[in-house]
Amino acid sequence: MTTTADVMVRRLIGHGVTTVFGLPGEENLAFVDALERADVELVVTRHEQHAAFMAATHGRLTGSPGVCLATLGPGATNLFTGLAHAELGGMPLIAITGQKPRVDNDEGSFQVLDIPASARPLIRWASSVDDPRNASAVVDEAWQRALESRPGAVLVELPEDVAGATVDAHRRPLPRRSSARVDAASLAQASASINAAQHVVILASEGAQLHDVPVQLTAFSERTGIGVLATQVGKGAFPENHRHSLRALGIHRPDYAHLGIAPADLVITVGYQPVEHPPLAWNPDETKSIIHIAASPAAIERGYQPIEQLVGDVASTLSALADSITARSTTQLTRTTQVIDRLLEAESQGPDFPPSPLAIVRSIRRELAPSDIVALDNGAFKIWFARHYPAAAPHTILLDNTLATMGAGLATAMEAARLAEDNRVVAVCGDGGFLMNVQDLDTATRLGLDLTVVVLRDDAYGFIAWHQDEQDRPRTGVALTNPDLGALAAAFGIAAHVVTPEAPFEAQFRAALAEPGVSLVDCPIDYGINERLSTDLHGIAERELANHPEKGSAQ
């Protein structure tokens, strides 16, 4: 006999869990004790939201659900933004929350909320362990639900008296999981549509990042001569230094990368769901035929109504499909990639000080190796990274274009650094997002992470200020008063590097990278070049590309 909490922890270990992120509370102490007895690492954060962000990133990078822990009431509700972040982003996550005892509750309704009911509109599944005998089964179902179809977030509530109750410790076999394979008839129909199309392009997204999909995606493009464009969350799934790369979509409006997809009559999406980049941003007239290749069925909405859905193991689907595709001339593809690269390289980065977001992107790219990792918070700078930061390997640039929540960047970088072996990790945050979760710099130093945090400071909610300027609105409600970030870093025991006219960004960033442990770069930023994010694609296409590429070209 053992406790329900022990049974649940052992079941999580059986599924491969070695780390849980969260905060202890009165109602989850039995679970905390069970983690200690089982030698599972508990990463204690300074806020539950940060724990959920770290768990989501664990799921994103490993493909195995990250687990986060909170107590009842406010502890549980503090997780909710991170759970929504994981659900929309396709990141497998299991949240375990405490609750008052079901019987002998002397505190009545104090702090009591119906957490499973509150969470269900945000995530795919939530349940409470009402019977200790069901504990193992609940963990198995939570694990399956977090991974099924497109991954996402689930929640398990564990009442205090159930957690400490004794239960039969009988070990049951773990459930088996298998990957579905696409049937031959569907593959044949899809290949016929591809071979009949005149201008084909691949759109790679988050579902193309894991396991052996990137390898098969590269092989598919090389075998067929079809170019690959990425969404923001798909950057790196296909190496952007590859001759077939059409780079990545940035802003939700015409951008240089749209030159590769604008003339397409058929788009093969790989691991894509509409939440990751609005379909009407790349299929504005809804005339493109779409073939959906993913582990989960398509979420149908305006602009995204696939003619074929190949749902199953993505890597094996790409491998099987490539054998029946007639290879295409890459003449027009080469011309398009050259035009996109030339336009991006020719874009002026603006004043020397304060540096522009483009100058920041270029400096960071020069200093980092292809396998190093950049994790972005949310702000206007994210669009410049999506547009100008070439990623050569999967998950080497981590950004969120689904919930797109401020405050997630530091947590994302921290978990990437915790999992990294030899790769350097850089967090890039705006001053608005950085101050939302700044307290967890303590967690980063306590974990002994090697991490460089770049804070881009414009003393405003700059992305909103830019939109106000675009719409000829007054700048209202966006001005910020920041603390001395260097002094703030010092208070956490972190080395700070402040960018000034005499100490330019690249030198300060290089010095921060060279330091062990956590370091911070405080950099003022000038967003004056944001007006260039609106691109005259029609004019560029008329000027740079042929109006009617020859039939059979890849673009």
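Q: Which residues does His-292 touch, not counting residues up to four places away in sequence?
A: Contact means heavy atoms within 4.5 Å. By that rule, His-292 touches Thr-269, Tyr-272, Gln-273, Pro-297, Ala-298, Tyr-304, Pro-306, Glu-308, Gln-309, Leu-310 and Val-311, with residues up to four places away in sequence left out. This is a predicted model: local features need pLDDT of at least 70, side-chain atom pairs count only at pLDDT 80 or more, and totals for chains, interfaces and linings use all residues. Residues are numbered from 1 along each chain as its sequence is written, and side-chain values use heavy atoms, with hydrogens and water left out.

Q: Where does His-292 lie, and is the residue buried or exposed?
A: Helices (H or I, at least four residues) and strands (E, at least two) are DSSP runs, numbered from the N terminus. His-292 lies in strand E13, residues 289-294. Buried means under 20% relative accessible area, exposed over 50%, and partly exposed in between (1.4 Å probe, protein chains only). At a relative accessible area of 0%, His-292 is buried.

Q: Which side chain has a polar contact with that of His-292?
A: A polar contact is a pair of N or O atoms within 3.5 Å; within protein, one must be able to donate a hydrogen and the other to accept it, and residues adjacent in sequence count only if both atoms are side-chain atoms. The side chain of Tyr-304 makes such a contact with that of His-292, at 2.7 Å.

Q: How many aromatic pairs does the structure hold?
A: Rings of Phe, Tyr and Trp (its six-membered ring) pair if their centres lie within 6.5 Å; planes under 30 degrees apart count as stacked, over 60 as edge-to-face and the rest as tilted. The whole structure has 6 aromatic pairs. One of them is Tyr-272 with Trp-282, an edge-to-face pair with 5.8 Å centre to centre and 80° between the planes. Tyr-272 sits in the loop between strand E12 (266-270) and helix H12 (279-282), and Trp-282 in helix H12, so the pair ties together parts 10 residues apart in sequence. Tyr-272 and Trp-282 are both buried. Together with Tyr-304, they form one aromatic cluster.

Q: Where do Phe-463 and Trp-466 lie?
A: Both are in helix H20 (residues 462-470), 3 residues apart, about one turn of the helix. Phe-463 is partly exposed at 29% relative accessibility, whereas Trp-466 is buried at 6%.

Q: In what order do the 6 strands of the open sheet run?
A: Two strands pair if DSSP finds at least two bridges between them. The order is E16-E15-E17-E18-E20-E19, with parallel pairing. Strands E16 (397-398) and E19 (495-498) are the edges, each pairing on one side only. Strands E17 (residues 425-430) and E18 (residues 451-457) are joined by 5 bridges. Within E18, Val-455 is the bridge partner of Cys-429.

Q: How many disulfides does the structure hold?
A: A disulfide is a pair of cysteine sulfur atoms within 2.5 Å. The structure holds 0. For Cys-429, the nearest cysteine sulfur is that of Cys-523, 13 Å away. Cys-429 is buried, at 0% relative accessibility.

Q: Which residues does Leu-441 touch, not counting residues up to four places away in sequence?
A: Leu-441 touches Leu-410, Phe-434, Val-453, Phe-492, Ile-494 and Val-518, on that count. Leu-441 is in helix H19, residues 441-446. With a relative accessible area of 1%, Leu-441 is buried.
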